[in-house]
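I opened this model to look up its pockets, sheet, cavities and helix packing. My notes follow in the order in which I made them.

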Amino acid sequence: MVETLTELTAPAFVRGELIADDLVGFGGRAGTASFLSPDPQRLLTAVPLRDPSRLRDLQTLPFEEIVTYLEALGHALELARNAHLQEALAFSEQFSDMTAPLVRASFEQLPALFASEAVRELADATVGIPYLEDWVPRTMADGRTARVRAFGARTVHVIAGNSPLIAGLSIIRNAITRSDAVIKTPSNDPLTALAIARTMGDLAPDHPITRHLSVAYWKGGDTSFEEHLYQPANVEKIVAWGGFASVTHVLRYVQPGLELISLDPKRSATVIGQEAFSSPETMADVALRTATDVGALNQLGCINARVVYVAAGTDPDGLERVNRLGEAIYDQLHRLPQRLSTRAKWFDPELKADIDGLRASPDFYRVFGGADGEGAVIVSQLAEPVEFHRRLSGRVANLVPIADPAEAAREMNAYTQTVGVYPEALKESLRDVLPLHGVQRLVSLGYAAHPSVALPQDAIEPVRRMVKWIVDESCDPDTTTPLWSEASNDTQAQKEER
Amino acid sequence: MSVVADTLQFGDAPAEYFGHSWYAMQHVPADELAWLQLSTLQRRFSELRDRIPTLQRMASESGIESIAEPNDVVPLLFQHSVYKSYPASLLLRNRFSELTRWLDRLTTLELSAVDVTDCDSIDSWLDRLESETELRVLHSSGTTGTMSFVPRSTREWDEMGKAFRCGLFQYSDPLGTGGRHDGEWFELIWPLWRSGRSAITRFPGMALPYLLGSESRLHALRPGRMSSDAAYLAGRVNVAAARGELDELEINPALRVRREEFEREQREMAESLPRFIDETVRELQGRRIWMLGTWNVLYNIAKAGLEHGLENVFASDSLVTTGGGAKGQVVPDDWEETVQRFIGVDHVQHCYVMSEITAINKMCEHGRYHFEPWIVPFVLDPEDGSPYPREGQHTGRCGVIDLVPSTYWGGLISGDEVTLSFEQCSCGRTTAHAARTIERYSDKQGGDDKITCVAAEEAHRAALEFLTGELA
């Protein structure tokens, strides 16, 4: 661990302005470090956009200007020449759940996230650029002409801190939807959103996109602050990421006029068909891919694999194959590149105790590794996951032998976000069944932790929900029968009578 | 008596070794205690290492052949999760032969000959083990949806009862010079079920021969047995309800024929307070009683009593014993005073209890929990599990080795955070002592799936309602 730096001050960024006075102390996660931020009470008047007509400046921006702005921001976010990100990286040692190589690798992905092709794809695949840009006309069957446009909204983003990319993505979504964002930073990543915002302030302090972004920290659940902020007069939408607690905090404020877009806590799983054992080379490939799904970003994400169902059968031969695969996955975990996966920063001692407990039952569990927090693979010898499978973390997988891949559906529910599948053909048979149990994404094995941000997320399209879909209808009595006319009141029978 | 014989008796029969004096237990000169503990630990290890398969495996994996000093045994302490390291389906699907084989790896008793193939419930399984072996398994409350099973035998229960008796004379014979106090018995007001297999419901059975002397001195507010199946189901109902999966809960079909038993349990739960007020108080008013329970149980009884206008109900030399922590509830400031006022005593004896060990460690007048001498405590680094030096004071995870057990391994790593001192306490006792605040690491971390113990009573009621409703 590097020497503790001087205590961190995380200023608030409010519509292009940096606020760094009236500082009060806040604890980081798990009591590791603390930081100073402005007293939230003092921000209460500045943070909300009380006058909605002030979104007008965003409304008149051409979409291409938004793309150009974000592209330029992406260039400015190159780690080597961005002092704000460098500071965030230096302090991540004290705050992040990730290790430094992973934070660095995440920061290095930021420019690509803001690149013009990526932004255009995101906008077009989620909402459709024409709807973001202007009124899109459509003639309806009853003769009226409707024009539909996606409007921005005043939104609070309660973001998660397990990946710095969430801060970047939230800022992009806010810009393309022409919305006004207040980003509530998490205590395990108080700096990434702030670093991007400060870069925006350096780059274009008066640009409407910069002026419609605020980044602040307050303790989630601080009702004295939240009760005032979360009012329909201030905020129209709340995007809440992550933990059960953060989503539950926010739920109490939801009311007519204030919508919650909840990206709930999730877990992910894996289903591997018996084809994995067709040759030693195939098994090695499957082991590497599974290790990637388990180990990427140190298993901090909801997209990471945890329980891995292996359809090798539960007879002794099948078990022997699953045990071999488990050992191979454990070996591969340690060969993953540093930028993708490292030894976890903190290995949950309660989880370690549970894993060590299983060593007493070799008839039922085979445990590879896990002796000193480096990660582990637990192979169940019966067709059921370990009792603590919801708490697997720190690069720990639980392989569960099953006879038929379809049996995996039993354990899937609305908490199951991603299912990595091998081989491809198996995905085709599972994709019509698993979603009925709650599964939201199926992906080729090895790509679980490599999602495309332009696709639906958690079985919803969050960006479509972040905009307000506004309709302008033109109706001409000559083409669309008016309600006041006799004809519209009469039933068909009455007409025929006449 | 030779020194070797002495040592044997220290671990095998501590009450006799100390002449039935709790004072003596707590005042062994430090050097002598260290020697007694180490030599007994060495003996237990050499006796048990090849007879308990799980210990044997751990010893060979960690390459530990012998114990030169107490900290050497730390790699061999069992995680508390060892006692629930069986797949849940074994219990859910009545696979008791496999469960017996699993349990067999944790005890020296011969379980392989016991035929449990026709057992169709936890109760029937434990009945069978009890009728054919010396095993008297204790299980956890099951509130988290899983159940731990600790293979204690009659021998350890007996020694525990005898040793526990010594401590009950702490006020009437403070220097412990009165020997065995033959013929002196206690009237136990027992707020829970008369019997059962959970650690706590085993208590009356253990206490009866050594502390009560006769069934007539056991005043159980719930006279029947607590079903282990109902307790297990209570935890599962709780967890399923929290996850919104109650509809999917499977019930063991074998329980269907036992509806009357569960209705009786349900009735006893509802009747226990009225029974106490109407019968127990009337019978024992003004007499010396002994009452034992977690704070919330004692507090609820005292409150109900005071509401009925009852105060200072029993003799002032009555005993009140409590332990078990806050149980995830906010403890009212006046709970202890309320209990004292109702019973009519001027103090409550606090204890640090851990169901896996054979000692009930009492708090001294300086607010420190003193371990009984046959418990060797360790403070472990909460992150990597390595032991802190056995001197000074440290805060960390509590590990222990209980030197009484001879049929199972007494080494255990608990889930508790303790602040433990190895220096002599200002009260004069020579045993290691822990500060008042003891927390569970799992509570400190929070966690969405957490269900607290107090919910247990509620959960048990809910489970019985669920069961009797389902079986109607």
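**Entry: second largest pocket.** I began with the second largest pocket, whose lining holds 18 residues; B:A30, B:L33, B:A34, B:Q37 and B:F422 lie nearest its centre. On a 1 Å grid over the protein atoms alone, a pocket is an open set of points with protein on both sides within 12 Å along at least five of seven lines, a cavity is a set of points where a 1.4 Å probe fits but cannot get out, and lining residues have an atom within 4 Å of a point. The space in this pocket is about 370 Å³, where a volume is the space filled by probe spheres set on the grid points, which are joined across faces, edges and corners.

I noted that this is a predicted model, in which local features need pLDDT of at least 70 and side-chain atom pairs count only at pLDDT 80 or more, while totals for chains, interfaces and linings use all residues. Residues are numbered from 1 along each chain as its sequence is written, chains are lettered from A and ligands numbered from 1 in the order in which they are written, and side-chain values use heavy atoms, with hydrogens and water left out.

I then asked which element gives the largest share of the lining of the second largest pocket. It is α4(B), with six residues. In chain B, α4 (30-48) and β11 (375-380) each supply at least two residues of this lining. Helices (H or I, at least four residues) and strands (E, at least two) are DSSP runs, numbered from the N terminus. By class I found eleven nonpolar, four polar and three charged residues in the pocket lining. Ala, Val, Leu, Ile, Met, Phe, Trp, Tyr, Cys and Pro count as nonpolar, Asp, Glu, Lys and Arg as charged, and the others, Gly among them, as polar.

**Entry: the sheet in chain A.** I traced an open sheet of seven strands in chain A, in the order β3-β2-β10-β9-β8-β11-β12, with mixed pairing. Two strands pair if DSSP finds at least two bridges between them. Why is one side of β3 (17-19) and of β12 (259-263) in chain A left without a neighbour in the sheet? Both stand at the edges and each has a single partner strand, so one side of each has no neighbour there. From one strand to the next, the twist averages 20°.

At one end I checked β2 (residues 12-14) of chain A, which pairs with β3(A) in the antiparallel sense over three bridges. A:A12 has A:I19 in β3(A) as its bridge partner.

Next I looked at what packs on the sheet. Helix α10 (residues 192-203) of chain A touches β2, β3, β9 (180-184) and β10 (213-216) of chain A, and its direction makes about 140° with that of β10(A). Contact means heavy atoms within 4.5 Å. Axes are lines fitted to C-alpha atoms, for helices over the stretch in contact, and angles run from 0 to 180 degrees between N-to-C directions. Helix α13 (residues 244-251) of chain A also packs on the sheet, touching β8 (154-158), β11 (237-241) and β12 of chain A, with a direction at about 160° to that of β11(A).

**Entry: strand β5 of chain A.** I found β5 (residues 34-38) of chain A paired in the parallel sense with β1 (residues 8-9) of chain A over two bridges. A:L8 stands opposite A:F35 in β5(A). Strand β4 (residues 23-27) of chain A runs antiparallel to β5(A), and five bridges join them. A:V24 has its bridge partner, A:S37, in β5(A).

**Entry: cavities.** How many cavities of 30 Å³ or more are there? I counted seven. The lining of the largest cavity divides into nine nonpolar, seven polar and one charged.

**Entry: a helix pair.** I looked at α7 (residues 116-126) and α9 (residues 165-176) of chain A, which pack at an angle of about 65° with their axes 11 Å apart. A:V119, A:L122 and A:A123 in α7(A) meet A:L169, A:I172 and A:I176 in α9(A). By class, this contact has six nonpolar, no polar and no charged residues.

**Entry: backbone.** I noted a cis peptide bond between A:Y422 and A:P423, with omega about -5°.
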